[in-house]
Amino acid sequence: MTRDRDVEPLPTRVGHAHWDDHEHHGFRLYRDLLGHESVASLIALAITGHRFSRDDAALLDDLATTVTVAEPRIWPLKAIRVVSAFGRVLPGVLAANFAFESRFIGPLVTTEAAQAIVAIGKRVSGLDPSSDAFADQVVSYMEAEGRVMGFGVPFRPRDERVAALRGVVERHQRERRPYWSLAEAIWRVARERKKVEANISSATAALLLDLGIEPEHAGPLSVALSQNILFANAVEGARQAPAILRRLPESAIDYRGRGPRSLPGAPASAIPDDR
Amino acid sequence: MSHDQAGKGSGADLSASGPVRERPWPEKLPAYVVSPGDDPRIFGYSALGDLAQAHSFSDGLFLSLTGELPSPAASRAFAITLWAASALTVADAPAHAGVLGRLSGATPAANVALVATAAAERAQYLCERHAGWLAGIRNGERTPCTQTAIDPSDAVFARRIARTLGSAGLALEWLGEGPTADTVILAALTLLGLGTDESLVTVLTAACLTTSLAEAWAWKPGQFQDYPMDLPPFRYQP
């Protein structure tokens, strides 16, 4: 028998089903939200619990377009191709989302990139962004942390998505917002003093912080806004279902592990050789 | 066709340029554990010629994670620990999640993935929650875990696991009187040389996967009327 103290009610803010309308974060679905929200703003509402203006929603739409790099050879997306090679879409999408559960690459690291910007912002509060004192604080933080999320661009000199997102921010006249301005100053110091370029995680983090989005929500929102590239690969991969991804030819494998050995005291082979 | 095709496709071959194409990459995929061929070997041992003749599947799991077969004593202790870790009920998240997937009509493959996800998340949670204590065990400390069993049946089961492992030669009396079953299992696996997060998560997930799935397969897709939908109750508080 279940004891009452074992089943405390769980509070939820995200939803409640009624008969004729439904609740979502304190809003009535058909009365308040229908006809007023874009897909991006609905996703942002789902994650943050806050509604966003039309211009904010348009900015999120542009962010989603900016990060639409659907190249199937990029590792998490390659995982989609390998899994969807058996003909189903959703397992492929899940494969990439699992690969995104990472502190290394992928949109989820936007949370840590945002935390880094916030932490550096506290250190440099009141300092002139062009001053040596500002630069010293940024360098000190980066060296103390070791690996700072939002910096480093693998296999190319700079992250083209940062430049594209900068254009988006300027078109929406957000370039003087506090976190974007701070981030630009941090990126300059990182480039000049640490020889490391900012990547899209840091740029996304700055943009989202200026929208009032907390760091803990920045990563999940970035993942959610990346789902289009996952579905693109999963739909195409499931339709193709290529045999080569279900099993690579043996000639493509380079075995580097332990050489053959036998169990102590065992004969060379306990079963007949059929060859 | 109503879709906007403006700006789509220039007709040029775009695949010859870009950062992926313009950098040298290895042409083969390295393998480190299982050798390919007509006599596949796991860390050097023939799967059929050696391992299947003289070892249990749990020994193979140990081999896969450590690179070596367990001693007879370690094999016995590892098997006991796996049995203990397999005994999750439908109250635990892996089987509960599997029931929900089954009710929803998920394919067998999808439900295996769903249960494996819950099991692996549970295992990762345990590792993170006990990280400092497990590091101490790896460094030779033998102190009881500060987290003790709340549920009386968990405390009894924990003592039974420790006693059974003790009879197999794995001394765990230093865990004291109040450990949880999970902490006994984590301690045993760490003492057996499987104390990395990677090994612990793999073992704990593998151990409960089939029992949790069996609990799910006992349901029929769409058997919603038998599922306690308000357990636990959710209260909408915007």
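Student: What makes strand S3 and strand S4 of chain A count as paired?

Tutor: In this predicted model, S3(A), residues 22–24, and S4(A) share two bridges in the antiparallel sense. Pairing requires at least two bridges, so the two strands qualify. Within this pairing, Glu23(A) stands opposite Arg28(A) of S4(A).

Student: Why are S2 and S4 of chain A said to stand at the edges?

Tutor: The open sheet has the order S2-S3-S4 in chain A, with antiparallel pairing. Strand S2 (16–17) and strand S4 (27–28) each have a single partner strand, so one side of each lacks a neighbour in the sheet.

Student: Why is the pair of Trp75(A) and Phe155(A) called tilted?

Tutor: The ring centres lie 5.8 Å apart, and the planes make an angle of 45 degrees. Trp75(A) belongs to helix H4 and Phe155(A) to the loop between helices H7 and H8 of chain A, so the pair ties together parts 80 residues apart in sequence.

Student: Why is the pair of Trp180(A) and Trp187(A) called edge-to-face?

Tutor: Its planes stand at 90 degrees, with 5.2 Å centre to centre. Because this angle is over 60 degrees, the pair is edge-to-face.

Student: How do you know whether Trp180(A) is buried or exposed?

Tutor: Its relative accessibility is 1%. Buried means under 20%, so Trp180(A) is buried. Trp187(A), at 2%, is likewise buried.

Student: What makes Arg51(A) count as lying over the face of Phe27(A)?

Tutor: Arg51(A) lies 5.0 Å from the ring centre, where the limit is 6 Å.

Definitions and conventions. Residues are numbered from 1 along each chain as its sequence is written. Chains are lettered from A and ligands numbered from 1 in the order in which they are written. This is a predicted model: local features need pLDDT of at least 70, side-chain atom pairs count only at pLDDT 80 or more; totals for chains, interfaces and linings use all residues. Side-chain values use heavy atoms; hydrogens and water are left out. Helices (H or I, at least four residues) and strands (E, at least two) are DSSP runs, numbered from the N terminus. Rings of Phe, Tyr and Trp (its six-membered ring) pair if their centres lie within 6.5 Å; planes under 30 degrees apart count as stacked, over 60 as edge-to-face and the rest as tilted. Buried means under 20% relative accessible area, exposed over 50%, partly exposed in between (1.4 Å probe, protein chains only). A charge sits over a ring if NZ of Lys or CZ of Arg is within 6 Å of the ring centre and within 35 degrees of the ring normal.
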